[in-house]
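The model is a predicted one.

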Amino acid sequence: MLERMEGLISKEEIETLKTKKIILFGLGGVGSYVAEILVRAGINNLTIVDFDKVDITNINRQLIALHSTIGKLKTEVMKCRLLDINNELNLKALALKIDENNIKEFHLEEYDYVIDAIDDVKAKLAIIVEAKKYAKKIISSMGTGNKLDPTKFKITDISKTEMCPLARVMRKKLKELNINKVNVLFSTEEISKDIKDKSYPRSVAFVPSVAGILIARFAILDLLGRI
């Protein structure tokens with residue numbers, strides 16, 4: 001299954017990836033791509049977390065969103081897809097909503113890597129605080145909505161972000177909590193002035209998908225000590 005990776009990633013590194021445990025929060029436009037890339041790249045132990053169900057408005061950008069999956073739990077749809085890629089995958093699928101009151105129930109201390117691909121600020125903070133408590137490697141996705149240029153994505157420390165409204169909020173709140181050095185993906189692209197109604201974020205298929213791929217790449221190379 002992973003023969004074509006060899007040479008880019010050594011056999012020893014592939015075996016290392018098989019032993020690592022990752023927990024991924026969020027299976028939307030970003031997270032669904034993160035999950036698939038992780039499994040296709042050899043991650044053998046994965047926990048996916050999302051409370052939501054597939055909606056027709058997800059079809060334009062989410063990997064698991066099809067007319068046949070509308071109304072189904074995202075965790076269940078993703079679980080079926082991932083096991084079809086690797087039927088020996090050690091996979092946990094948790095249809096739960098994260099908040100500061102239940103974050104301990106996810107036992108982040110058991111994982112080698114934590115990936116946050118959700119859009120709720122309080123939940124994002126809870127995940128980061130808990131991961132930092134156990135000194136776990138973590139990467140958090142900032143805003144990918146209202147963007148049109150996936151080449152403007154960067155991964156850096158939260159303190160070096162700019163242009164991103166969500167990153168601005170997270171920077172402030174993390175500073176208040178005395179938390180620093182959090183790797184995040186963000187976009188330097190300005191929000192289009194053509195968007196008049198800002199009551200909900202717009203999104204197009206080729207933006208959050210790229211964000212998810214970049215996050216998965218970063219996590220894999222970070223686990224191998226290449227970053």
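The entries below take the helix pairs in turn and then the salt bridges.

**Entry 1: α2 and α3.** I looked up the geometry of helix α2 (residues 31–40) against helix α3 (residues 74–85). Their axes come within 10 Å and cross at roughly 20°. Angles under 35 degrees count as roughly parallel, and α2 and α3 are therefore roughly parallel to each other. I noted the crossing of α2 and α3 as right-handed. On the α2 side, the contact is made by Ser32, Ala35, Glu36, Val39 and Arg40, which meet Met78, Arg81, Leu82 and Ile85 of α3. By class, I recorded five nonpolar residues, one polar and three charged in the contact of α2 with α3. I then checked the charged residues and found Glu36, Arg40 and Arg81 linked in a network of salt bridges.

**Entry 2: α4 and α5.** Next I examined helix α4 (residues 121–133) and helix α5 (residues 165–176), which pack at an angle of about 50° with axes 11 Å apart. At this angle α4 and α5 are oblique to each other. The crossing of α4 past α5 is right-handed. I listed Val121, Lys124, Leu125 and Ile128 from α4 as meeting Leu166, Val169, Met170, Lys173 and Leu174 from α5. The contact of α4 with α5 comprises seven nonpolar residues, two charged and no polar ones.

- Glu15 and Lys18 meet through their side chains at 3.3 Å, N to O. They are three residues apart in helix α1 (residues 11–19), so about one helical turn separates Glu15 from Lys18. Glu15 is partly exposed at 44% relative accessible area, and Lys18 is partly exposed at 31%.
- Lys133 pairs with Glu130, the closest N and O atoms being 3.8 Å apart. Both Lys133 and Glu130 lie in helix α4, three residues apart, about one turn of the helix. I found Lys133 partly exposed at 46% relative accessibility, whereas Glu130 is buried at 5%.
- Asp222 pairs with Lys137, with 3.3 Å between the closest N and O atoms. This pair links distant parts of the chain, for Asp222 lies in helix α6 (residues 208–223) and Lys137 in strand β5 (residues 137–141), 85 residues apart. Asp222 is buried at 8% relative accessibility, while Lys137 is partly exposed at 37% relative accessible area.

Technical notes
Residues are numbered from 1 along each chain as its sequence is written. This is a predicted model: local features need pLDDT of at least 70, side-chain atom pairs count only at pLDDT 80 or more; totals for chains, interfaces and linings use all residues. Side-chain values use heavy atoms; hydrogens and water are left out. Axes are lines fitted to C-alpha atoms, for helices over the stretch in contact, and angles run from 0 to 180 degrees between N-to-C directions. Helices (H or I, at least four residues) and strands (E, at least two) are DSSP runs, numbered from the N terminus. Angles under 35 degrees count as roughly parallel, over 145 as roughly antiparallel, 65 to 115 as roughly perpendicular and the rest as oblique. A crossing is left-handed if the near helix is turned anticlockwise from the far one by less than a right angle, and right-handed if clockwise. Contact means heavy atoms within 4.5 Å. Ala, Val, Leu, Ile, Met, Phe, Trp, Tyr, Cys and Pro count as nonpolar, Asp, Glu, Lys and Arg as charged, and the others, Gly among them, as polar. A salt bridge is a side-chain nitrogen of Lys or Arg within 4 Å of a carboxyl oxygen of Asp or Glu. Buried means under 20% relative accessible area, exposed over 50%, partly exposed in between (1.4 Å probe, protein chains only).
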